[in-house]
Amino acid sequence: MTERRRDSRWAVEWPSRVWTDDRVLVGATVGVSEYGLCFASAPTAELKLGNSYRIEVVGGSGEAITTVAEGRHITARGVGFQTQDRVVSQGVVVAR
């Protein structure tokens, strides 16, 4: 199978929140790349492909970033998002 990701991915376990129209979903970012992340939470039924959401990620050293991301892949395990802003560089959270 051909790798379709354009950026390297790092496994992480960072507290995260995603804002929907109706509520805030609390979960964890379990994988990151420069312009993407995988958010694990239950339930994910409120999140839709193609919709954009505000996401807050708290990195391993406590730094937090907030960005807007589009739902690109949804499974029972989590949601893959493509972010508008750079999330990490070489596995380190890009603080703003």
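Predicted model: local features only at pLDDT ≥ 70, side-chain atom pairs only at ≥ 80, totals over all residues.
**Entry 1: the run of elements**

**Entry 2: the barrel**

Six strands close into a barrel, in the order 1-2-3-6-5-4, with antiparallel pairing. I noted that neighbouring strands of this sheet are turned by 45° against each other on average, with direction ignored.

I went through some of the pairs.

- Strand 2 pairs with strand 3 in the antiparallel sense over five bridges. I looked up Gly 31 and found its bridge partner in strand 3, which is Cys 38.
- Strand 4 and strand 5 are antiparallel and pair over seven bridges. Ser 52 has Glu 70, in strand 5, as its bridge partner.
- Strand 5 and strand 6 run antiparallel and are joined by five bridges. Here Glu 70 turns up again, with Gln 82 of strand 6 as its bridge partner.

**Entry 3: two hairpins**

I checked the connections next. The hairpin of strand 4 and strand 5 has five residues between the strands, and its Gly 62 takes a positive phi near 95°. Strand 5 is joined to strand 6 by a hairpin of four residues.

**Entry 4: the core**

Which residues touch the most other members of the largest nonpolar core? I found Val 18, Val 32, Leu 37, Phe 39, Leu 47, Ile 55 and Phe 81, out of 17 residues in that core. Two or more residues each come from strand 1 (10-19), strand 2 (24-33), strand 3 (36-40), strand 4 (52-58), strand 5 (64-74) and strand 6 (79-83). As background, I wrote down that nonpolar side chains tend to be buried together in soluble globular proteins.

I took Val 32 for a longer look. Leaving out residues up to four places away in sequence, Val 32 touches Ser 8, Arg 9, Trp 10, Val 12, Trp 14, Leu 37, Val 87 and Val 88.

**Entry 5: salt bridges**

How many salt bridges does the structure hold? I counted three.

The side chains of Arg 17 and Glu 56 meet in one of them, at 2.6 Å from N to O. Arg 17 lies in strand 1 and Glu 56 in strand 4, so this pair ties together parts 39 residues apart in sequence. Is Glu 56 buried or exposed? Its relative accessible area is 18%, so Glu 56 counts as buried, the cut-off being under 20%. Arg 17 is partly exposed, at 33%.

Arg 23 and Glu 46 also form a salt bridge through their side chains, again at 2.6 Å from N to O. Arg 23 is in the loop between strand 1 and strand 2, and Glu 46 is in the loop between strand 3 and strand 4, so parts 23 residues apart in sequence are tied together. I noted Arg 23 as partly exposed, with a relative accessible area of 37%. Glu 46 counts as partly exposed too, at 28%.

Glu 34 and Arg 86 meet at 2.4 Å, N to O. Glu 34 belongs to the loop between strand 2 and strand 3, and Arg 86 to the loop between strand 6 and strand 7 (88-89), so the pair ties together parts 52 residues apart in sequence. Arg 86 is partly exposed, at 35% relative accessibility.

**Entry 6: whole-chain values**

I closed with totals. The chain has 96 residues, and 40% of them count as buried. Among contacts with a separation of 6 or more, 46% are between residues 24 or more positions apart.

How values were computed
Residues numbered from 1 in each chain as written. Heavy atoms only, no water. Core = buried A, V, L, I, M, F, W, Y, C linked by side-chain atoms within 4.5 Å. Buried < 20%, exposed > 50% of the residue type's maximum accessible area, 1.4 Å probe, protein only. Contact = heavy atoms within 4.5 Å. Pairing = 2+ DSSP bridges. Axes fitted to C-alpha atoms, helices over the stretch in contact; angles between N-to-C directions. Salt bridge = Lys/Arg side-chain N within 4 Å of Asp/Glu carboxyl O.
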